[in-house]
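Please read the points below alongside the model. They are set out by region.

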Amino acid sequence: MPDRHPWGLARIRVLQIEDSQLDAELVLSELDADAIEYDVRLVDEERDYMAALEEFDPHIVLSDLSMPGFSGQRALDLLRERDQDLPFIFVSATLGEEAAIEALRNGATDYILKQNPARLASAVRRALREADAQRARRRAEAELIRAQRFESLAMLAGGLSHDLRNLLQPLLLAGDSLQDYQEDPRLARLGRLVRDCGKRGLDMVQSMLSFARGARRAEQVRLGGLLDAMALLLQGSVPRTVLLEMHADDTELTFDGNHTELQQCLLNLSLNAIQAMPEGGNLSIETTQVALLGSFFASDEEAHAGNYLRLTVSDTGLGMDEAVLQHLFEPFFTTKDSGTGLGLVSCKRIVTAHGGVMRVESTPGQGTRFYIYIPLERSAEATEKEEQFDLQGEAERVLVVAEEAGQLSLLVDTLDSWGYQAHASQSGTAALQWIEAQGVPDLVVMDADMNLFTGVRTLAALIDHGYRRAVLLLARPDAPPDMDELPVMEHLYMVDKPISTQKLLRTVREALEASAATQLPEGPL
């Protein structure tokens, strides 16, 4: 297997815009000389260029500036309309200094003169690394934004459920009291009605609490019983034009889970499927056991290889395009006129709380398949983490240090929403000033990739000032801090970016508890 380049690709796909075959070969010879392995697509017209962007899916674009009927600037504008991160390097003999500066302002990654192409290979390597890092930052920001919206919604559900439970409790008491008047049939019936409505309301409240906290897996779920309950629930909801099929490979299979929550999840998916088939079709609920490898899981999912129960809900309805799939699990996103946009969010939260994952496949006009994977055995690591950590904060003071405003805001908002007193600082100098004015925080969360006063320098300055508590240092895995430059600290936690909400919260709890257990007297601060 060929060695991978620093940016993780064995071969890169180069889209080259050039009308001179000789010039094109001279440019590519620089990549050959630097042992960069590549596949190339050569174009010199706008129509071919647009087709290559779609079909060839390049990792980088190398473009001449001017050609008959087509220009490099036009190619750059077209690219930036569809992709902000794909590297674009001008390789031209006519690019003057002013034009080069203007090209960089308009979105070009770099420029190389054909008269001096020696820098091309290093420019390509750097551009690919920076593009990969930029995509990672965007993924991290998107993940934190989704997590922030999701957890805010969960907190809202939790607060409402507590208030509703207090309002419903008197109904249960009133219903029981009215049951004492058995000599009056009307009062007795009224009592039963009030009591039953109160119980149903409390069940709904409990469902909201489960959404806010995540399902509590405190029971054994029998697969056959779960599907039997689904059949009863769907009995009056499936129209005659829809054929319902249910199949389980082992109805006696039992596993740790929450019957009510999984039933709710399957019901949501089934009702969505029925609504996606206004002209009728097939609705299928199937189950089977599968073995998943660690490579199956996405980077933001807890990866635990092992045996899983796969529940599949499929339909032959309208299907969804890629644009809809991208937003499918965002709170309040819906394609229905009367939809709330919370059904799939609730499903994903239930599955995640069971230690599982969801997948979806859909094709417009052909239908949709939702896959739910529930672990059939608990990993020792997951069990230990759940027992050891309570992710909710206890008003501990956390100082967050990051230059990038978006990252800083998202980290602070996430920690705030989980019960921490999070304070923002946009530089190492400002962090030291904050500590001098406000006192020593319980924890410092710091971005290692700061320019003016780096994370390593800020860390050293904190220690010089007597800081002895825990520090989380967030670093890119492709550009970690030099370990020889890192100061010695007892509670220094290196965390790769992008970081998921769960990983952030668990590491924060671990750092706070470890630091508290070995607390030393503070220095001059």
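Which residues does glutamine 16 touch, not counting residues up to four places away in sequence?

1. Glutamine 16. The residues in question are Ala24, Val27, Leu28, Val40, Arg41, Leu42, Val43 and Leu62, where contact means heavy atoms within 4.5 Å. Glutamine 16 sits in strand S1 and is buried, at a relative accessible area of 3%. Buried means under 20% relative accessible area, exposed over 50%, and partly exposed in between, with a 1.4 Å probe and protein chains only.

2. Basis. This is a predicted model, in which local features need pLDDT of at least 70 and side-chain atom pairs count only at pLDDT 80 or more, while totals for chains, interfaces and linings use all residues. Residues are numbered from 1 along each chain as its sequence is written, and side-chain values use heavy atoms, with hydrogens and water left out.

3. Whole chain. The protein chain has 15 helices and 19 strands; these are DSSP runs numbered from the N terminus, with helices being H or I of at least four residues and strands E of at least two. Of its 525 residues, 44% count as buried. Among contacts with a separation of 6 or more, 71% come from residues 24 or more positions apart. The accessible surface is about 26,900 Å², and carbon and sulfur atoms hold 50% of that; the areas come from the Shrake-Rupley method with a 1.4 Å probe, and for residues only the protein chains shown count as cover.

4. Cavity. One cavity of 30 Å³ or more is counted, and the largest cavity holds about 40 Å³ of space. A cavity here is a set of points on a 1 Å grid over the protein atoms alone where a 1.4 Å probe fits but cannot get out, and lining residues have an atom within 4 Å of a point. Grid points are joined across faces, edges and corners, and the volume is the space filled by probe spheres set on the points. The lining consists of Gln16, Ile17, Glu18, Val27, Leu62, Ser63, Asp64 and Val91. Strand S1 (12-17) and strand S3 (60-63) each give two or more residues to this lining.

5. Nonpolar cores. A nonpolar core is a set of buried Ala, Val, Leu, Ile, Met, Phe, Trp, Tyr and Cys residues joined through side-chain atoms within 4.5 Å. The largest has 34 residues, and Leu269 and Ile372 have the most contacts inside it. Elements supplying at least two residues each include helix H7 (223-234), strand S9 (242-248), strand S12 (306-315) and strand S14 (367-375). Helix H8 gives the most to this core, with six residues. Leaving aside neighbours within four places in sequence, leucine 269 is in contact with Val313, Leu344, Cys347, Met358, Phe370 and Ile372. A second, separate core of 24 residues includes Val398, Val445, Leu474 and Tyr493.

6. Glycine 280. This residue lies in the loop between helix H8 (259-275) and strand S11 (281-292). Glycine 280 is 37 residues from leucine 243 in sequence and 8.0 Å away in space, C-alpha to C-alpha. Beyond its neighbours within four places in sequence, glycine 280 contacts Thr241 and Val242.

7. Helix H14. Why is H14 (residues 455-464) described as largely enclosed by the rest of the structure? Because seven of its ten residues are buried: Gly455, Val456, Thr458, Leu459, Ala461, Leu462 and Ile463. These buried residues pack against helix H13 (428-438), strand S17 (443-447), strand S18 (470-475) and strand S19 (492-496). Just after H14, glycine 466 takes a positive phi of about 100 degrees.

Conventions. 1 Å grid on protein atoms, 1.4 Å probe; cavity = no way out; pocket = protein on both sides within 12 Å on 5 of 7 lines; lining within 4 Å.
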